[in-house]
Amino acid sequence: MSITYLEAIREAQARALASDPRVFIYGQDVGPFGGAFKATKNLARDFPGRVLDAPISEDAILGSAVGAAIGGMRPIIEIQFSDFSAVGFSQIVNQAATLFWRTQVPCPLVVRLPSGGTAGSGPFHSQCMEAIYAHYPGLVIMTPATVEDAYSMLLDAVAVDDPVLFFEHKFLYYHLKAEALPTETLPIGKARISRIGRHMTLVTYSAMVHEALAAAEELAGEGYEIEIVDLRTIKPLDTDTVMASVARTGRLLCVGESWPWGGTTAEVVARVAAEGFNLLDAPPQRLNAKDTPIPFHPKLWTMHRPTARSIAIAARNLMQL
Amino acid sequence: MGGVVGATCLGDGATSTGAFHEALNQAAVEKLPLILVVANNQYAYSTPVSRQYACHHLVDRAIGYGVAGHTVDGTDLAQCLQILGTAVAAARQGAGPQLVVADLLRLCGHGEHDDAGYVDHGLKQSPLGRDCLAVAESHLLNQGWADSPQLASWKHQAVAEVEAAVATVQRESGPDPYREDWCALASDHLRESYHGNAD
């Protein structure tokens with residue numbers, strides 16, 4: 001048996017619905033249709049009255065989820081594409097994120113955000129918005145890179161008493177497979193060393209983990225052993241694991257699919273530069289998408305975001321510094 | 001700018017967005033010469049109108065915002081021309097925004113990946129499920145404005161035009177990422193040259 005990243009997300013939701021009567025799912029086309037990507041396939045049938053189609057009203061969808069969370073429910077919201085969350089931005093950052101701080105009332109809601117690029121999806125169906133939300137206090141930001149993490153982190157997200165934004169990467173939905181669902185996992189906020197190495201630390205998350213692994217494989221043939229740190233959650237950010245790895249390797253490259261101005265890669269570089277400057281044998285580097293909207297044409301898209309090829313080039317350059 | 005009107009098209013799904021409600025209210029307050037044409041094709045992707053709105057008819061939205069409302073059989077081109085003509089004339093005369101709701105049924109998927117298996121069979125058999133092109137053709141024939149050979153020739157002409165455009169595009173090489181200037185600003189002097197390490 002094998003299970004895809006997308007199926008793992010569906011299975012996690014089925015388990016959450018089965019094990020906790022407070023859980024319900026709300027979003028556009030998530031009901032009988034099973035979602036635009038089929039992440040809620042058959043769930044409306046299996047859990048009658050608990051998987052509900054929403055009108056095209058992200059502001060109201062997210063606002064009602066905040067209310068439901070205050071009222072003791074555990075809503076899982078599907079925003080059809082993470083790009084559309086901008087329409088409900090205020091409910092997330094002004095209401096959900098501040099609620100506990102303002103009132104001491106927890107806001108346990110999960111927002112699933114199909115995220116990131118696939119060829120031909122263009123500027124409104126490809127964005128990586130995790131860094132924008134990570135900027136706001138009061139939110140947990142998950143960016144799973146593996147089938148196992150997609151499953152276990154989504155269950156963790158439902159169990160947490162705070163608003164969790166769950167950025168699931170569309171590029172991984174169908175082709176990323178695992179043999180079985182995990183029975184144990186790392187705690188929330190703990191990074192994973194995806195590949196051990198001693199010449200360079202490559203910090204990344206979500207789909208870029210796989211581009212980084214491919215680049216590391218290529219560089220291994222040239223004698224470079226790259227250590228890859230998969231952040232898993234970008235907030236909380238596991239600075240300790242990053243710093244320990246840099247202490248071993250002396251070099252840092254941080255890779256993200258989102259834009260270069262600010263963001264996760266800048267945050268990692270800033271922390272390492274500020275707290276671990278003496279560990280570095282070379283200036284810390286980072287690699288991001290280009291500073292333009294996401295191109296529609298596949299030829300441009302391939303060059304817009306980091307790939308195994310551009311990561312390998314950046315890593316080679318860093319090894320020469 | 002005398003006589004100029006603005007026109008926009010949207011679907012039943014978009015009427016659930018805050019932007020639609022804010023725009024309708026704003027246009028009403030400003031008495032803008034704006035025509036909003038809603039193609040109510042009964043489904044927003046898979047979601048039927050029963051999960052989209054609870055008013056009796058979408059045109060009822062007009063009352064709440066204090067704008068004129070019109071309904072039209074969206075499968076009937078002749079009727080659409082007539083109602084749109086009325087709405088545009090009213091807007092030109094200073095009567096403010098005009099909400100036109102055209103009822104029809106989407107006869108294909110939301111996208112090429114979508115087989116539209118969720119569309120209710122009864123709706124397909126109803127007058128809403130009529131093919132607007134077929135309705136328009138029979139209208140032209142009934143009025144004696146065109147005969148069958150003429151219609152066939154127009155169709156042939158349209159198909160040839162589209163095929164020629166497709167052929168032209170397919171011969172083009174597509175954008176070259178190495179020649180792309182990767183600038184999202186119109187003000188070239190304000191661009192940042194920094195792209196992380198991506199270059």
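Q: Which residues have the most contacts inside the largest nonpolar core?

A: Keep in mind that this model is predicted. The largest nonpolar core has 93 residues, and those with the most contacts inside it are Ile77(A), Leu165(A), Phe166(A), Leu202(A), Ala212(A), Leu253(A) and Ala315(A).

Q: Where does this core lie?

A: Check who gives residues to it. Both domain 1 (3–178) and domain 2 (192–320) of chain A do, so the core lies between them.

Q: What does Ile77(A) touch?

A: Leaving out residues up to four places away in sequence, its contacts include Tyr26(A), Ile61(A), Leu62(A), Leu109(A) and Val111(A).

Q: Which residues does the second, separate core include?

A: That core has 20 residues, among them Val67(B), Val72(B), Ala87(B) and Ala91(B).

Q: How is chain B divided?

A: Into domain 1 (6–130) and domain 2 (143–173). The C-alpha centres of these two domains of chain B lie 29 Å apart.

Q: How do I read a helix, then?

A: The general idea: an α-helix has 3.6 residues a turn, so residues three or four places apart point the same way. Now try helix H8 (residues 239–249) of chain A, where Thr241(A), Val242(A), Ser245(A), Val246(A) and Thr249(A) are buried. They cover an arc of only 130 degrees around the axis, which puts them on the same side of H8(A).

Q: What covers the buried residues of H8(A)?

A: The cover includes strands E9, E10, E11 and E13 and helix H9 of chain A. Just after H8(A), you'll find Gly250(A) with a positive phi of about 80 degrees.

How values were computed. Residues numbered from 1 in each chain as written. Chains lettered and ligands numbered in written order. Predicted model: local features only at pLDDT ≥ 70, side-chain atom pairs only at ≥ 80, totals over all residues. Buried ≥ 20, exposed ≤ 12 C-beta atoms within 10 Å, placed from the backbone. Helix = DSSP H or I, 4+ residues; strand = E, 2+ residues; numbered from the N terminus. Arc of directions from axis to C-beta. Contact = placed C-beta atoms within 7 Å. Domains from an automatic or database assignment. Core = buried A, V, L, I, M, F, W, Y, C linked by C-beta atoms within 7 Å.
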